[in-house]
Every structure is written in structure tokens, then in C-alpha cells.
Amino acid sequence: MSDEQAKVLSRRGFLAGAGAGIGSMVVAVRAVSQQPNPRARMTHDSSLVRDTSNLFAMDQGAARPVRLPPKANAVKQLTNTQRDALEHQLHCQCGCTLDVFTCRTTDFSCQVSPAMHRDVMALVDGGYGAQEIIDAFVSTYGERVLMAPPRSGFNILAWVSPGIAVLVAAAFILAFLRRSQSSRTAPLGPAAKGVDATDDELARLEAAIRRDGE
Amino acid sequence: MILIGELSLWVALLMAAWSTTVSFAGGATRRADLADSGVRGLYATFAMILLASIGLWTALLTKDFSLEYVAGHISSTMPSVYIFTAFWSGQAGSMLFWALILSMYGTIAIATSRRGNEELIPWATGTISAVLMFFIATTCFKANPFTRLDFIPLDGRGMNPQLQNPGMAIHPPNLYLGYVATAIPFAFAIAALFTRRLDAQWLSIVRRWTLLSWFFLTIGIVLGMWWAYVELGWGGYWAWDPVENSSFLPWLTNTAFLHSIMIQEKRGMLRKWNVVLVVMSFLLAIFGTTLTRSGVIESVHSFAQSPVGPWFLTFFAVATGVTIYLVATRLRDLEAKAELESMVSREAAFLYNNLLLIGIAFAIFWGTVFPVLSEWATQNKITVGPPFFNAVNVPLGLLLLALTGIGPLIAWRKASLSNLKRQFATPASVGIITGALLFALGMRAPYVLVAYALCGFVMGTIVQEFYKGMRARQTIHGESVITAFRHLVGRNRRRYGGYIVHAGIVMLFAAFAGMAFKLENDVTLKTGEAFETSDPYGHKWRFVSQGISTSEPRDAQVVGVGLEAFRDGKRVGIIRSEKRTYKDSQNNQLFQPITEVGIRTTAALDTYVVLAGFRDSETAELRISFNPLVVWVWAGGFVMMIGGLIVMWPQAERRRAQAGYVAVMRPAAAGGEPVGA
């Protein structure tokens, strides 16, 4: 069979296959489109307002009470600025990725961050310090209430791995450079391959590099 | 037209399957007829996907609410531009959009590189078609935009109003254009691994498409930042959200590739590493999509979650598996041609650059997946948020910034001490003076000081490079300053376009560092009440509430508050923030109320006002923030885009043969330093 014949046959096969495919698809699509689609159930009144302003599926019931009895002779240990800084370390639990301060001062519809804010204020008024308040939140919600994992236990891995990876790769690169240097006898030739220059020009460049190196 | 579109989608699936099969068969049996048929199959797939896309656009523009996708993503009160962009605002449409771009890219890539690449083409075509087949199959079976409802609603649900923003209209297509472009270098990398062939032409194809991907990702990412800043109202532009991260990952590997490819071009080295980078970019792009679609990780983009998650996960696993197998079994055939000579050379600087870019990519990848890992290992849910990413990435980022300034100053092959002294004197002085000046002005935060000193250093490098190049042209050709600049950039677009991109990066870093001085105020104001505070530069501001007003345009209910702002006693205008509640033509509320941020922008400072809520009809709760230097993020993004365009401009490829790197060989020619090119 010549190349030309093979080409013609394959094209014919291709067209026949495509034709059959189109035909069967028409039938299949017609059949499918006649059936009511079980997934496509969208009533006009229900769940329209489910999407929230932050593009999240919001869990408005996610706030848990974080309350401790006020300390005897409680004195506020935190200024408002320090309190806001503290709220920047706490993760709002509504389902967003924001911290409590940012969420409560951004999202109109979130009821979780204001509730968490009220708990923070009550604890500040109760004389608790920043670390005590954070600990109280962690004991209620778990570590996910922190904006970054604590640097202890398994989570230490999160913090050290990137550094270790970069150091290992750096060591690898240095080893590669050392090896290259010790074995180098590479003349300019291969490097300049594909460059539009005559041997004479290459020699002049080599000389220029030498001069530059001195 | 809608029915034709629907049918075309299925035909496209067949075509892609055909193209995949015969292309791989053609590659394996070395039969040109099969390979040709595969290529034609790819072209036909593109035509069919185009028809399907026209079908969907027709359905949207004619508001055919019998389609689930149309009813779910537009409403009759929406502006038509967003009806058009609704094509990619939902799951099913964006899958089709992805297939459309991939088939278009594939067609262009194969059509423009067929000559001279007969061996690679069938494998590349087969790979593109296989990826395409996956996307079309997912669209057909799991997210079909042509699915019909069993009733016809009076009006659609509309688009989330936060997505109705000019930035949002163009941010996703740019990201898609960037993501999908990684598939072309990937296909050619797979072809190189199959055929064990990797030459200069391969390099040029892969570089061109990576550059395209980089370019669109850059625009997409910066637009996404802009959208988040003006629309979401949380006050920043980057939150280290998993989906933001996953768009950043392929950008980082692309950037690494665009640097290390220069070593391969000049010295024939790092061939294996470059193949790995190309493959990584594609897998990370797929990883990003898997992340968004699977809902494995909570993210601001969770609205896009859907049943296609498992499909993507499977595809990602298969693609990774196949690639690892190919790389493991064939990589050793792609041997290096030359070796590095010095640790202080341009080549070595590029290696360090790659180390840092990939290090940052790893840190971000790690932080993004760590919650899943931690929950699996300890059954403990944790959050890995901005404090983690900032702590890990700031030092790496600063080192990278330093390299941006160092790299262009070091000679290829081996830098001598005198070369280093001569090249570094000016930029290093600029950097040190910048740092000292800011310290004298009272800036004390160490990271920020280092960042600005490095910004000064890198800018010094860039300006010096331009100055030297232009001086050389002026001396040799007697050109005027403007002509010298034009010729310098025009005749060596890659190098000087690259420097312009670096200038954009410096602007970004300066803006990022500025955010360290951000000030936020949580304020409650009654009508007529004033709030006084200072901005980070020490200017006194006074904001007076103008009261709460309501209005009712066609598609929304608006409640807003205006603040009359005074800076150092001088009135600067009214800054207004609103809450908008959107509704459809039947007056049904659509979505929760959303925020319209009030922003007053100057080169030094953004005054950013968010209406957070109301106590009563007279009292508004507001967040008033001062965000320094934000406008330089957008300016930096724009400069990077211009630099990218200069590098990509088609003529650059052709002219390079005369002027570009050949300048290195002919010291007297244009391009400045003989060896430092």
C-alpha cells in the first residue's frame, strides 16, 4: 500500500467514524434532552440568598462562646489598638479566610466575627492579657482559630520545611558547581554553537574575556 | 444555534479522541499520514469547540432561561457586558472556555511549528489532544453548560454582584489564557521526552509559549489583586488565599524557566532542569484548578466548587504519574553540553535565582496543602494564613530582589574582581544611600529598610544598564538620546524588555513594603460627627459624616454614607462607601448585600473607607484605613506588562540573529558591554 493510499484510507475512516459519531450523538442528545434532568432542580424562591457577599458558603452558627469569669479587681491590660492587633491573629469561623478584625469591619452579613469580637472585648474587660485570650480561643475552637499554625508539635513541620528545602537545594547547587568546576576543561566551542560567529571572532571573544578577567 | 453548539461539543469529544489516538499511533509507528490526520483532528476539534462556544454565547445573549447555566448565571436586569462574560463566570462555562483556549492555542502552536519538527509534532499534538479530551469529557459529562431545566424560570439568578466588575470581566480570561498556555510547552516537553530530541527549535517554541503564559498570568494576577482590593473591601490585595496561591505557583515556575532557559540557549546547560520546569508549570496549573474545583481546601473561590473535583484529581494524578515516569526513564538522554565555570558568573546567578523562585513556590505550595496534611496526620484542623506566608516568603523574596540587581551585573562564564567592582559601584551606592536616607528619616523596621535599600540597588542596576547601552550607541553611532534608547531597546528587546519587567518588580516590592505602614481605624460616626487621626506620613486627617442616604437604581437598593475628608485642615473631597443589595426584575433579592469601597488614591497613599454596618438610621460603623503606596502595585503590574510585550514582540525573534546576542560576539556592535550582555 502506498503512502497516498494509506492517507486516503485513513481520511475515509476518519470521516466515517466522525459521521457515525455525529449521528449517534444527535440521537443520544435528543434522548437526554427529553428527560427531566434530576440535577437541574432550581426553584425561584428557595435558597436564592444562599450565596453570601464574600462568595462563601457562610456558616452563621459557627461562633462558640469563649467566656471566662472576670479577674478579681480586673484592670484592662490591652489598648484598643492592641486588641485590634490581637483580633488580627484570630481566624473568623464563618467560613471566610479573614481574621476577626478584618471580617467584622468588612462583611455586613457575617454574624460570627462580631460575636467573636464581643467575646474578645469581654475578656479584655475581664483583665485578661493577649496570650490568655488567645489560649481561651484555642481551647474552645482548637488551633484552627489561629491565623497561622503554632510553632510546636507536628505543625513545626510547616515552618521549617521550606527553609530546609531551600538549604538542601542550595547545597545541591553548590555541589553541582564544585563538580563542574573541578572537571572543567570546556573550550568555548560547544558553548558558542549556534551563534553566528566565525572561529576568528570566537577567538577574539575568548581573548576579550581573558582580558576582562585580569 | 444552541442545539448546534450542544452537538458540536460531543463531536469535539470524538475529534479529540481521534486526534489523540492517531497522533500517538503516528508518533510510535512514524507514519506521516497518521500524524497528519491527528493534526487535522486537532484543527477540527478547535472548530467544533468554537461552534459550541458560539452556541453558549447565543443562549446567554438571547437569555434562554431554559438552560440551567443561563438561568443560574445571568438575570434580565444585568448589563450586557456581564451577560457576555457570564460565559466563564460559572463552572460549566469556564470548562468550555478552557477547552476553547486550549484548542485555539494547540491549533496555532502546531500550525506554526510543523515545519522542521516532524518528529516532535505527533507527540505534541497527541498530548494537547489528550489534555483537550479530558476537558471536553469533563464538560460533557460533569459540567455541561447545555443542560436543560425541566421548567423555564421567569428570570435568572443573576451573577454575583461582586463579579460584576470590569476587573472580574477580564481577570479570569487572562488567568485562563495563562494557565492554558502552560499546556503547549508541556506538550512539547513530553514530545521531547518521547523522541529524546531537544534542540534549538524546541527551545524557541517552548520559550515563546512560556512567555505567553507568563504574560497572561501576570496580567491575570495583578487584575485579581485589583479586583480584591476595590471590590471585596477587606483592605488588601493579596490574602494568600489557596486559589491566589495556585495562580502564583505556575507564574513562579514560568519565571524560573524564562531565566534558566537563557543558560540553555547560551551554554547548552540545564536542559533536564528546563524540561522539569516546563512540566512543573503545567502540573501546577492543573493543581490550581483541582484545588478550586475540588473544595479540598477552603478558599475565597469556593463558589466554583463542583462535582468535577474528582475528575480533576484523577487527571492530575495520571498526568503527574505519566510525566514522572517519562522524566525518570528518559531524562538522562538529554545531557548537558557544557559546564559551569564559576560560582560568580551570570549562569550561577541564574541558578540561585531558580533556587529562590522554586523555594518560594515550594513554600507557598507547602503552606497551601499543609492544612490537609496536618488534619490527616493529627486529626487537628489548622489554618495556614498570611502570618505564615509572610514570615516564610519575605526573606526569600528579599533575596530574590537582591539577585534581580546582582544578576545583570555579573559577566557570563566567570566574573573577575575588577569587573565586579566596576559594575557594582554605582548601584550598590544607590542602594546604601536609599537605606541610609530612610533610616535618617526615622524608618526603623529592618525588613522594610532592607527592602527599600534593595529597591534602590536594583533600580541603580537597571538605570546603569540603560545608561551604558545608550552611551555606547551614542558614541559609536552618534545617535541622539531618544534614538539611542529606541534602538537599544528595539534591537535587543529581550534584554531591555527584561529590565523593564525588573523595574515593574521593583515598584511592586516598594508597594508591598509600604503596606507595612498601613493604619486601620474602626470608627462609629453619627451624622455630623467627626473622626480625627494621623496617616503614616504624619498628616492630620479629619472625617465628618454626611449622614446615611438611600437610593434605588434599577437593579439594586443602595445605602451609603459619605465622609467629608480634610487633610491638614484642607478639604480633599467626599469619600463615599455603600452597601448594595441587588435584585432581579421581579424585585426578589439576589445575594447578600455587598460593599462598595470608597477609595481616594494618590501616589503616596490610599484612603480606604468601608461601610461595615449601621447602628441605627443615623449611625454608621466604618473602617477607615490608610494604605501607603498601593497605586504602585498597579503601576508596577502595568510596567511588567509593557516589559513583557517588548520581550514578546515577534520581531525580537527575527532580529536577534543580527543584533541580540550576537552583540556579545562583536564588541563594537550595539548592546553595550561586550561580555556583560
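pLDDT is the predictor's confidence in each residue, from 0 to 100. The structure treated in these exercises is a predicted model.

**Exercise 1. Confidence along chain A**

Determine which stretches of chain A have pLDDT under 50, and state how many contacts beyond four places in sequence the model has for residues 185–193.

Solution. 
1. Begin with the chain as a whole: chain A has a mean pLDDT of 73, with 59% of its residues at 70 or more.
2. Helix α5 (residues 130–141) has the highest mean pLDDT, 94, whereas helix α7 (residues 188–191) has the lowest, 46.
3. One stretch with pLDDT below 50 covers residues 1–9 of chain A, which in the model has four contacts beyond near neighbours in sequence.
4. Another covers residues 185–193 of chain A, where pLDDT stays under 50 and the model has 15 contacts beyond four places in sequence.

**Exercise 2. Architecture of chain A**

State how many helices and strands chain A has, and what percentage of its residues are buried.

Solution. 
1. Count the elements: chain A contains eight helices and zero strands.
2. Read in order from the N terminus, the elements are α-α-α-α-α-α-α-α.
3. For burial, a residue qualifies if 20 or more other C-beta atoms lie within 10 Å of its own. Of the 214 residues in chain A, 28% are buried.
4. Consider contacts in chain A between residues at least 6 apart in sequence: 61% of them join residues at least 24 apart.

**Exercise 3. A helix of chain B**

Compare the span of helix α7 (residues 166–181) of chain B with the expected value.

Solution. 
1. The helix has 16 residues, and 1.5 Å a residue gives an expected 22 Å.
2. From first C-alpha to last, α7(B) reaches 23 Å, close to that expectation.
3. The buried residues of α7(B) include B:Met168, B:His171, B:Leu175 and B:Tyr179.

**Exercise 4. A strand pair in chain B**

Decide whether β7(B) and β8(B) pair in the parallel or antiparallel sense, and over how many bridges.

Solution. 
1. Strand β7 (residues 598–601) and strand β8 (residues 605–614) of chain B pair in the antiparallel sense, over four bridges.
2. Within this pair, B:Ile599 stands opposite B:Tyr608 of β8(B).

**Exercise 5. Two domains of chain B**

Describe how domain 1 and domain 2 of chain B are placed and in contact.

Solution. 
1. Domain 1 spans 1–161 and domain 2 spans 518–631 of chain B.
2. Taken over C-alpha atoms, the centres of these domains are separated by 43 Å.
3. Nine residues of domain 1 are in contact with 10 residues of domain 2.
4. On the side of domain 1 that touches domain 2, the residues divide into two nonpolar, five polar and two charged.

Key:
Residues numbered from 1 in each chain as written. Chains lettered and ligands numbered in written order. Predicted model: local features only at pLDDT ≥ 70, side-chain atom pairs only at ≥ 80, totals over all residues. Pairing = 2+ DSSP bridges. Helix = DSSP H or I, 4+ residues; strand = E, 2+ residues; numbered from the N terminus. Domains from an automatic or database assignment. Contact = placed C-beta atoms within 7 Å. Nonpolar A, V, L, I, M, F, W, Y, C, P; charged D, E, K, R; others polar. Expected span 1.5 Å × (residues − 1). Buried ≥ 20, exposed ≤ 12 C-beta atoms within 10 Å, placed from the backbone.
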